[in-house]
Amino acid sequence: MNIRELRRLIWVVLFAVVTITVGHAGQPNIILVMADDVSPEMFGCYGSQDAKTPNLDRMASQGVMFKSAWGSALCCPARAQIMTGCYATQTGFWSNGFSIPQSDGSNNLFRHYSSFGKLMQDAGYTTAVAGKWHIGGAEPPHAKHVGFDEYCLWEGPKELSRLPDSPTHRGAWEDESTPSRYWHPCVVQNGRLVPTKKDDYGPDVFTDFLCDFMERSVKSGKPFLAYYPMVAPHGTRKGSPSTPKYGERGYLGGNKENNRSHFRALNDYIDVLVGRLEEKAKALGVMDNTVIIFCSDNGTASIAKSRGTERGCRIPLIVYGSGIKKRGASDEIADLSDILPSLVDFAGKKLPESMPIDGKSLKPFLTGESTKHREYIFACIGSTRLVRSRTHLLEVVNPILGIAEGRFYYCANKHDGRGYKRIDSDPEHRQVRRQFSQILDKYPGLTKQHPYFQTKKGKRFLELYTKPKAVQKHLHNHKDYQFYDEI
């Protein structure tokens, strides 16, 4: 090799290094964790006295913890919302098993709405998802336009039947039709059924996969998005299982006496897994260029999940890491529609002007560029709509179930239901009520006259939805959390 060729080689190498460096400028790695079915009060930073969640508590104090953040009260609409940045009033994903078909007559969500996975791919990120997908009717994460380079998911017989040779899960089962998500789990990774053993624990499998993905992404020189919609702490069909640090290994049973302690242990183990992801980022030398976002999809199981009250959709939301201002517990409000625009903003990109986003980027508030985020948050579940500002709450707005005006409260600086004052007809708060009405006009709800309810599926949904016991549960908080006037 002569001098000229050597100089050319050096120039090519230097150019490549500079190109990679410039390409990464302002593009932090993202670890996005969404727990399954857990309310804020299960974490120490939100006031729990018996939680063992030191990692998340530390992240909350050193980063930002939103006292009031909302998802949806069931997993399918919450997952559609976080993935698209759009409320159910756009996507039609109103409830589990209840999604109004798109204009093409299908529920192919990501053919009509861009996912954050695809947008981050387009921004130069490597992307992976692990854990629980479960966006009913939507296409799988490996579909090209959904936007995930890799996946490692808990799956069931239907998904296995679509794999080459239609393999059979040989591990544990939660019931006749539901393979285990915890011990001896059913795991599909990048189109292949992964053989698991009795002592293999699903959350560990998914976390190890993401740690490996992070390492390979760092070696490739590209920023990564690791999306972890967890299977935990959701109970199994037989109750809450043990964890590797609690109870009998392989235990999938449960009863009313030990369900709470097992659920608590599952939630504490989430903290262990989040800590493991942080430690991996540190070991790879990229934690100083990584943002960790932790949330859940909806409130805890039977005491919050599926209810049209604030408690049903209230979730933990903690953001920590590179460039995040140390704010601790914040009175600012946010919801899951804000995640997609925030990720794109962190990636240094702009959303397409034609893209119909309901959320707003959190980045300016998280990084200290602004002191406020947004003036209201919104949620849908079934045919119920809810609105909240920093100081006021309107919940269970549901003409189908006979509460067309909902229930209106003054919350002051409260966030957990304690101290809320019912103000339906209070003239002092009339202006706020008008503003909330304008927000509801912007996000119209459903009535019995909607064409979907004339279909066989729609009629069946209404039949179950309007049963007296179902109505009573949906319109009210669990008896242990009725802290304010619901009459």
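Strand 2 (residues 64–70) and strand 14 run antiparallel and are joined by 2 bridges. The model is predicted, with a mean pLDDT of 92 over the chain and 94% of residues at 70 or more.

**Confidence**
- Over residues 1–24 the pLDDT stays under 50, and the model has 6 contacts beyond four places in sequence for this stretch.

- Strand 14 covers residues 317–321; 4 of its 5 residues are buried, so the strand is largely enclosed by the rest of the structure.

- An open sheet is formed by 5 strands in the order 16-17-18-19-20, with antiparallel pairing.
- Strand 16 (377–381) and strand 20 (421–422) are the edge strands, each pairing on one side only.
- Within this sheet, strand 17 (residues 384–388) is joined to strand 18 (residues 392–397) by 3 bridges, and the two run antiparallel.
- Leu 394 in strand 18 is the bridge partner of Val 387.

**Helix 8**
- Helix 8 comprises the 19 residues 202–220; at 1.5 Å a residue these should span 27 Å, and the end C-alpha atoms are 27 Å apart, which agrees.
- Its buried residues are Gly 202, Pro 203, Asp 204, Phe 206, Thr 207, Phe 209, Leu 210, Cys 211, Phe 213, Met 214 and Ser 217.
- After helix 8 comes Gly 221, with a positive phi near 85°.

**Largest pocket**
- The volume of the largest pocket is about 930 Å³.
- Its lining has 33 residues, of which His 134, Ile 135, Glu 155, Lys 158 and Glu 159 are the closest to the centre.
- Two or more lining residues come from each of helix 3 (75–84), strand 6, helix 7 (157–161) and strand 8 (178–179).
- Helix 7 contributes the most to this lining, with 3 residues.

**Gln 81**
- Gln 81 lies in helix 3.
- The relative accessible area of Gln 81 is 4%, under the 20% limit, so the residue counts as buried.
- Apart from neighbours within four places in sequence, Gln 81 is in contact with Gly 71, Ser 72, Cys 86, Tyr 87, Asp 335, Leu 336 and Ser 337.

**Ala 73**
- Ala 73 sits in the loop between strand 2 and helix 3.
- With a relative accessible area of 1%, Ala 73 is also buried.
- Not counting residues up to four places away in sequence, Ala 73 touches Asn 298, Lys 305, Ser 306, Arg 307, Gly 312, Cys 313 and Ile 381.
- Ala 73 and Ala 379 are 306 residues apart along the chain, yet their C-alpha atoms are separated by 8.4 Å.

Note on methods. Residues numbered from 1 in each chain as written. Predicted model: local features only at pLDDT ≥ 70, side-chain atom pairs only at ≥ 80, totals over all residues. Heavy atoms only, no water. Expected span 1.5 Å × (residues − 1). Buried < 20%, exposed > 50% of the residue type's maximum accessible area, 1.4 Å probe, protein only. pLDDT = per-residue confidence, 0-100. Contact = heavy atoms within 4.5 Å. Pairing = 2+ DSSP bridges. 1 Å grid on protein atoms, 1.4 Å probe; cavity = no way out; pocket = protein on both sides within 12 Å on 5 of 7 lines; lining within 4 Å. Points joined across faces, edges and corners; volume = space filled by probe spheres on them.
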